[in-house]
Amino acid sequence: LKIAERAAGDKERPAEFWSRLGWVLFRAKKPERAEQLLARALAAKPADPDVRRELAGTASALGRNRDALALYEGIELTAEDKSRVAELSIAVRDFP
């Protein structure tokens, strides 16, 4: 939590920093702060496919499945990615 507070004013951090810190805060039962950091990571609009995959995992953990799904758009999907995209596609639809 102290790291998050110290880093709050730092605009130069990459998306993966905010994503990882958001994950840590989510696991530390600080979902509101984790959401704020996730928003910063998403706002960075990372282009690197590995960073996007990682950010998608954090977004999904925080219940932001539409955001997670969007992060897979435009990247070459591995077999594991395809499985994850299928899971997220199911999660964002309201199937009876």
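A: One definition to start with: helices here are DSSP runs of H or I with at least four residues, strands are runs of E with at least two, and both are numbered from the N terminus. The model is a predicted one.

Q: OK, what pattern does the protein chain follow along the sequence?
A: The pattern reads α-α-α-α-α-α. The secondary structure amounts to 6 helices and 0 strands.

Q: How much of the protein chain is buried?
A: Of its 96 residues, 35% count as buried. Buried here means under 20% relative accessible area.

Q: And the contacts, how many are between residues 24 or more positions apart?
A: Such pairs make up 42% of the contacts in the protein chain that have a separation of 6 or more.

Q: Let's go to helix 6. Where is it, and what does it span?
A: Helix 6 covers residues 79-92, which is 14 residues. From first C-alpha to last it reaches 20 Å, close to the 20 Å expected at 1.5 Å a residue.

Q: Which residues of helix 6 are buried?
A: Asp81, Val85, Leu88 and Val92. Down the axis of helix 6, these buried residues fall within an arc of 65°, so they line one face of the helix.

Q: Why would residues spaced like that point the same way?
A: An α-helix has 3.6 residues a turn, so residues three or four places apart point the same way.

Q: What is on the other side of helix 6?
A: Ala79, Glu80, Lys82 and Ile90 are exposed there.

Q: And what do the buried residues of helix 6 pack against?
A: They pack against helix 4, residues 49-61, and helix 5, residues 65-71.

Q: Switching to helix 3. Which of its residues are buried?
A: Arg33, Ala34, Leu37, Leu38, Ala41 and Leu42 are the buried ones in helix 3. The end C-alpha atoms of helix 3 are 18 Å apart, which agrees with the 18 Å its 13 residues should span at 1.5 Å a residue.

Q: How do helix 3 and helix 4 cross?
A: Their axes come within 11 Å and cross at roughly 145°. The crossing is left-handed.

Q: Which residues make that contact?
A: Helix 3 brings Leu38, Ala41 and Leu42, and helix 4 brings Leu55, Thr58 and Ala59. They divide into 5 nonpolar, 1 polar and no charged residues.

Q: What comes just after helix 3?
A: Lys45, which takes a positive phi of about 45°.

Conventions. Residues are numbered from 1 along each chain as its sequence is written. This is a predicted model: local features need pLDDT of at least 70, side-chain atom pairs count only at pLDDT 80 or more; totals for chains, interfaces and linings use all residues. Side-chain values use heavy atoms; hydrogens and water are left out. The expected span of a helix is 1.5 Å times one less than its number of residues. Buried means under 20% relative accessible area, exposed over 50%, partly exposed in between (1.4 Å probe, protein chains only). The arc is that of the directions from the helix axis to the C-beta atoms. Contact means heavy atoms within 4.5 Å. Axes are lines fitted to C-alpha atoms, for helices over the stretch in contact, and angles run from 0 to 180 degrees between N-to-C directions. A crossing is left-handed if the near helix is turned anticlockwise from the far one by less than a right angle, and right-handed if clockwise. Ala, Val, Leu, Ile, Met, Phe, Trp, Tyr, Cys and Pro count as nonpolar, Asp, Glu, Lys and Arg as charged, and the others, Gly among them, as polar.
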